[in-house]
Structure formats: structure tokens, C-alpha cells
Amino acid sequence: MTSKSSTPVLATGTDDPTPPPRQRERPRRGGFPVDVRLAGLVGVLLLLCLVGYITRPDGFLTEANISTMLRLAAAIGVVSVGMTFVIISGGIDLSVGSIVALSSVWMTTLATQSYGPVVMVLCGLLVGLACGLVNGLLISYGKIVPFIATLAMYASARGLAERLSGRRTQVVSETGFTTFFRGAFLGIPVLIWMLALVFAVGWVLLNRTNFGRRTLAVGGNAEAARLAGIDVKRHTALVYGIAGLCCGIAAIMVVARTTSGASTNGLFYELDAIAAVVIGGTLLTGGRGSLIGTLVGVLIFTVLNSIFTQNNLDTDIQNIAKGVIIVAAVLLQSTKLRRRIRKT
Amino acid sequence: MTAGADDPVLAHPGQDVGPDDLGQPLLRMTGIVKEFPGVRALDGVELSVLPGEVHCLLGQNGAGKSTLIKVLAGAHRPDHGEILWRGEPAVLASPVAALRLGIATMYQELDLVPGLSVAENVFLGHERSRFGFSRRGAARAEAAALMRRLGHAEIPPEREVGLLSAAGQQLVSMARALAHDARLIVMDEPTAALASDEVDNLFRIVGELAADGVSVVYISHRLEEIRRIGSRVTVLKDGRTVASGLPAGTPTGELVNLMSGRQVSTVFPVREESAADERVEVLKVEGLTRAGEFADVSFTVHAGEVLGIAGLVGAGRSEILETVFGARRPDAGTVSVDGVRLKPGSVSAAVKAGIGLAPEERKSQGLLLDLPVAHNVTLASLGTYSTAGFTDRAREMADSRAVLEKLELRPADPRRLVGTFSGGNQQKAVVARWLVRGCRVLLLDEPTRGVDVGARAELYRLVHELAADGVAVVLVSSEVPEVLGLADRVLVLREGEVLADRPAAELTEADVLDIVMEGSAATELAGVAEEASS
């Protein structure tokens, strides 16, 4: 409790016969020193790790398993970074999985592979960025609601991926690409470095730059942002561009992990990413969000996945557990919200 | 009771029915008080409506008419006071309860569902059904009968409401009221959206309703309408009834005086020495026009000058400010700052030129309630708070703290979420946004709406200080005394037209109200009024 300001502020008129209206200002803390909800999420994550350790004391917390988990989390984690930006800006992107598929196919065609690993990487990034920008332009300048615009991209990007690949899995024969991305640096796999790097850049972009500030403003109150002179349309387009670029990065990771590109890559990524973002505490209505929360959200699902595979359990139970976690997290969030935004 | 069926202009349908002839009134409200946080919207309202009369409700913006309507409709529950319905105490706990009693309300913004048919709208919420199945045929037949009764048999009950004209939609709204078998119909500015022949039809219907014994509470700003159809008049002022049961023929001057006669309950600013510097013309607006909103608006504001814009809600005041600010694109006309013409319809051009806007809807248009004050303050000048795109957060905090202290925002803590501040302090935060940018022109749209008395006085002082610093201020307010007290010069608007542009010292509240309400006095005052009334 920093400020205690319930003393009335009124310099009201001594000439004013009516009693001054109640002062509505309530003393309030500027914010929690420790984000309670984030701490709760981390608690859930640690609890799941404990469950994993108890059920498989020999296999779960080994270096190999942790490395596997993180490498599996890498692609969906990067996609979730882009999704966090989109959702904070007040939108939604249903097309991320399809964009991952298209990028992975395009960068692994025989023609692209023939130009070498650098071109493959650039191709993956560019295809992702382009798809994202198309989404953004349709939404901001074409005035199509995000749900519909990205639904269209969801269908057509995967369709194009199928057409390009002839629905065949395209194996990567370019060894330079695989050696680099499947390698390790300082003993840590490159994919995990990439995941960490994307999260770090995303965090700085969101929390320390004007771009991030404007993203929060556009999502929190687009009209207020517009009347403050912010180019809301351009900004919206850029946010979807970022989401697309993240899909391109994720495609590179998927191709590296599976040494192939296929139109079936990235299936259901949109749902996993939205789930991770939402349980991470980002408001679906926009205006507030946390990338750290998203990271924890992704890790929770990854650890859950690992627990089930390590114990040879069916995926159906896993999916039920996933659903329960989503609902619990959102309920937690809304009660918190009710306490926080007590309308003045 | 004789209702001249051919003559749409019924003199005073209820006039021959004296207050005592019918004994008890249909509705009697006494001592109604309704408080909202920071404002006492109703502070002892008396209203008594006789059966079969057209009772007119008069009052300035903010006098409490809308709140009173909502109390009648059951949308607001009064904090104190007694409501007698046909002589018995009644509680209007919900809109449904009000409808059950027989009170139907036609809101200004029509509350119809555009995608449904006429019949479906008429019976919305009390659908004709049997054993859970809707009786569409019965509903259609009844709706058709109601439309016939309203003199518009040509509107088929199957027609989608969204396809009807404004007048047609209003008829549907009225049919809905009749379908509830209403004894009392509240009409909130029903003629605002109507052409003159449609107005005649409306008046004919109102007359017939009154002849059938249905009472009407009629709200309008047009005094001539009240003369035409009203029986008696109640005047509200600052949430109180200042006169009730006046004959509709009461002279304009008397009514205007009743509406403006101010009690000392509100602190209005004392006029100060003008800081206007006639040599420096900062904002120049020429021939600004937006079809259907306002036409040919021209004015200039000098450095240190405060220009007030007075007019009723819907006269185009906010629209003009937003167009000057580039948030709306003008059909014609130009806006220049310091002699440089601005790109039309571009907010960023206006902001770059040094214009700032504190919008009418503080919460929905101005603030990011979920973000700290500091982030709200720097929102329009983020470009100057960054190096290579990175936000300079230390300087942001320091500058925000400085401006908050200057504006005496309490508590002056830039980290607090804006949503937790009171209305007056939120308004200051919006103004602070433009101060840190160093703006040349500040557009204030209803800056004191929802702001308590103490904070108002501070906002008034702030306006004076800004003007003294050489900022050109344009102020829109529904409260005429506020405009007259703060502004050096006043523009009076009526239905999108500038009817007067005069020094504030030459105008009185009654002058302004006269122009705004009737437009007749404007002829002598400004000589620019083409049509006194439509």
C-alpha cells in the first residue's frame, strides 16, 4: 500500500452551499510486486514436473528428456510469441499452423534446396512474413475481421502447401542446413537457443519499445490510440507480419527437427498457441498480456505431453487434462480481473 | 373530447380537461432523487401526469430529463422518492415491471432489432405464442392493425425493420408501445429524426392517443412543438422541478428563464482578463462542411484565446471538433494551424501541427484504462520518448510526474492505472497527454462531464492557465454558463449551422438558449439565420 489518499482533494468552494460529492478516489496499489497469477502458473509447472519425476524418477528430469522437451516446445513456442502480439493487439490469428506448413514446404522444394541453406532459411522467413502481411493488410485496410481473414489464410495456405508438395514429404538433402540447425552451441541445441532468442527479442519489443507500447494501446482502446495520433491500421498490419515471421522461424525449426518439409506440418498449432497465450494471462480482448506467461503456458503443455508419453498413457486423457488446465487458468484470470478493474 | 381528425395541428388536446376534472392523476412522482457517483442527477423531481394529456418536459442538457425517463422506464431505480400510479404506490423495478404497469418508452436512439420484421419487433419480449409455439399469423395481423391505427397501413408487418426509414422505424417503436397496451408513453425527442410532413403525422397520432385517454410525456427542445401539441409543461433544472403544470402557451421568455435561472449549486468560473493575443492567429477553420452533420463552419482562434461552442446535443459540436482534429474527413473546407493548411482527415497531421483533442467520451475514446497514467500521458508523443525505437522509460516517468504535479492530479503517481482515478483526474490525464507534447491548439469536448464540483473548478483554472501560456483553446460544453464563463468568444450552433459568433461578454445565458431552442432570436442577434424553424 503505497499511497493513502482518501483525504478529499476538493478545493471546493467555500461559496458552495451543497455538500461536496463523495470523492471516488480509492487508494490503490500501483501493481503487485510479484505477479500473483504468474507465480501460480509457475507453481503449476513445477507441480507437473514433480508429477513427472515421481512417476518416472529415472527418465523425466534427465538431461536428455529436458532437451527433448524443449526442442519439441521450440516451434510452438516461437509461434506463440507471434500469437501473443496478435492477441494483445486485439486480434486473433487462426492461420499460423497453415503458414508453418507452407513455409516448411516452400523452403524444402528441390529448387529451393538447390540454392543452399541460406536461401532455404530466407525463403522460410519470407514466405511466413508475406503470409502474415497479407493477413494484416486484409484486416487493417480491407476491414475484414481477423477471425475471417485468418480463417481464409488457414485454408488457402495449407492448400497451397499441398499443391506445392503434391502432398509428399520433402526430405532435406541439404546437409549444411541439417548440420547447423540440428547441432548444438555451448552444449545446448541450436533450436533451444533460437527459442530463447525469439522470446528475448519479443520481450524487449513488447516491454521496452514504442512498438510494444503502441501494440498495447491499439489492443486496449483502438479509438483512443487513433485519437492520440497512432496509425492503427499500419500498426495492425505490422503485428500480423510479426506473427507470420514467427511462423517462418517455426517452420525452419520443424524442418530441422524432422529433416523434412510437409504440408501436414504445424497441424493444430493455432489452437495450441492460442491456448498457451490465454493460460499465460494475455487477455483475449487485447490490451494486456505477458510473454513470460506465454512461455510458461507453452512449457506446461510440453511437460504434460512428456509425462504422458513417458508413462505410455493414451493421448485422449492428455487432451482432457489439457482442456481442464485451460478452463482453470481462464477462470483464475477472470476472477482476478474482476477484482482489478473495478469500474470507477 | 373532440379530436379534429383532419386537422393534424391539435391546439391543446388535453386543455379542456382541467387538473381537477379527472380527479387523480395517472402518474404522480414526488421527491425523486437519483444519485450517481459524483453527480446528483435527480434532486427532488415532481411530475404529475393526467390521463389523456400530452405533458411536456423541458430542461437544458444535463437537467435530468434522460435520467427521469430512465426512472420511468424502470431502467434506473431512484434512491428516494415516491411514485404513485393511478393513486397507488408503485415500484418500477425493471423495464418489464414498467411495461406491465403500462408505461412504454420510446427512446431517442430507437431500440429496434434491424434484422427482424415489423411484427417481430412489435412483439419483441412478449411474443404471441401458444404452447411454446409462436403464433406468427396472429402477431402479423395484430401488428398490421396497429400500423393501420397509426395511419400507416402501407407498411407490411413482414417488412424488415432495418429497411424502413427513420420515420417508419419510429412508427414501429410506437406500435410496440401500443402493443403493450400502454397507458403512458414516454417520447424522447421523437421529432429529431423526422421531416416536417412526418412530424405532422406524428402529432396527429399523439393527438389521437390523447383523445383515447393515453397519456404522453413528451420531450423536445423545440418550443414550437410544445405549443402545438402540449397540454401542460414541467420544467427541470439541475435535477429539480422548477415549475410544473404550466400551460403549454407560457411565453418563451418565461420558459427560458425557468430553464436558465441558476441556483448557486454549481461553481461556474468567474470571467478573467482575456489572454488572447489578437496578432497571432493559431487555428483557422474555413467553410468546414460534413453532409448531414454541419455546414460551412468558419472560425479563427488566436493564441491565448478560448473559443466556446454552445449548442444542443446533436447540433454538430463534437463532430466539428473531431473534423478539425482529422478524425473525420470533411466534405469541404480547410483547417490551418499557423497559416499552414492541414491534410484533411488525418489525425497524425493534426497532431504534428500541434492540435490536441480531449474527446467527449473520455473512457472509450481517450484513455487506456488498463495502463498506467504515464503510458497514457506519453501516448501521443512516444516518438520523442525513444532512442532507436526503445522507450526512454526514465524520462517518461520523470516528465509524467512533472506534468501530473503541475495539473495537481491526485495522487500524482504516474504508475497507477488510469482506470482507478476519478473522472476529474482522468480528464486531467487526457489534457496532460497534450501538454507533454507542447500543443498549440487544445480542443476540449465536454471536459467537465461526469466531473465533480471541486474538480470542475480546477479544470476551469487549468483552462485559464493554458490560455495564459498562449495555447488556443476550443471548448465544447452543454452547460451554457460554463461556455460563457470560460470563453472569450462564443459560437452558437443549431442543427449544424453557426447562428452566432460573438464575444462572450455580449451574450447572456438566456440569449444563447433562445438561439439554441428556437432560432428566432438569432435573426436580430447575428443576422445569419435563414430558417427560424423547419
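In chain B, the centres of domain 1 and domain 2, taken over C-alpha atoms, sit 24 Å apart. The contact between these two domains of chain B draws on 10 residues from domain 1 and 9 residues from domain 2. On the domain 1 side, helix α6 (residues 196-211) of chain B supplies the largest share, with 4 residues. That side of domain 1 of chain B splits into 6 nonpolar, 2 polar and 2 charged residues.

As for the bounds, domain 1 of chain B is pieced together from 1-15, 25-102 and 183-260, while domain 2 covers 110-181. Domain 3 of chain B takes in 277-525.

Next comes the sheet of chain B. Here 6 strands make up an open sheet with mixed pairing, and the order reads β18-β21-β22-β15-β23-β24. Strands β18 (355-358) and β24 (497-503) of chain B are the edge strands; each has a single partner strand, so one side of each is left without a neighbour in the sheet. From one strand to the next, the twist averages 15°.

Strand β23 (residues 489-494) of chain B is tied to β24(B) by 6 bridges, and the two run antiparallel. Take Leu491(B): its bridge partner in β24(B) is Asp501(B). This part of the sheet also has a helix lying across it, namely α17 (residues 509-517) of chain B, which lies across β15 (306-310), β23 and β24 of chain B. Helix α17 of chain B runs at about 25° to β23(B).

Residues 66-87 of chain A are 100% helix and 0% strand, with end C-alpha atoms 29 Å apart. Residues 237-255 of chain A likewise come out as 100% helix and 0% strand, and there the end C-alpha atoms lie 27 Å apart.

On confidence, the pLDDT of chain A averages 84, and 86% of the residues score at least 70. Residues 1-33 of chain A, though, have a pLDDT below 50. Beyond near neighbours in sequence, that stretch of chain A still has 54 contacts in the model. Where pLDDT is low, the predicted coordinates should not be read in detail.

Definitions and conventions:
Residues numbered from 1 in each chain as written. Chains lettered and ligands numbered in written order. Predicted model: local features only at pLDDT ≥ 70, side-chain atom pairs only at ≥ 80, totals over all residues. Pairing = 2+ DSSP bridges. Axes fitted to C-alpha atoms, helices over the stretch in contact; angles between N-to-C directions. Contact = placed C-beta atoms within 7 Å. pLDDT = per-residue confidence, 0-100. Domains from an automatic or database assignment. Nonpolar A, V, L, I, M, F, W, Y, C, P; charged D, E, K, R; others polar.
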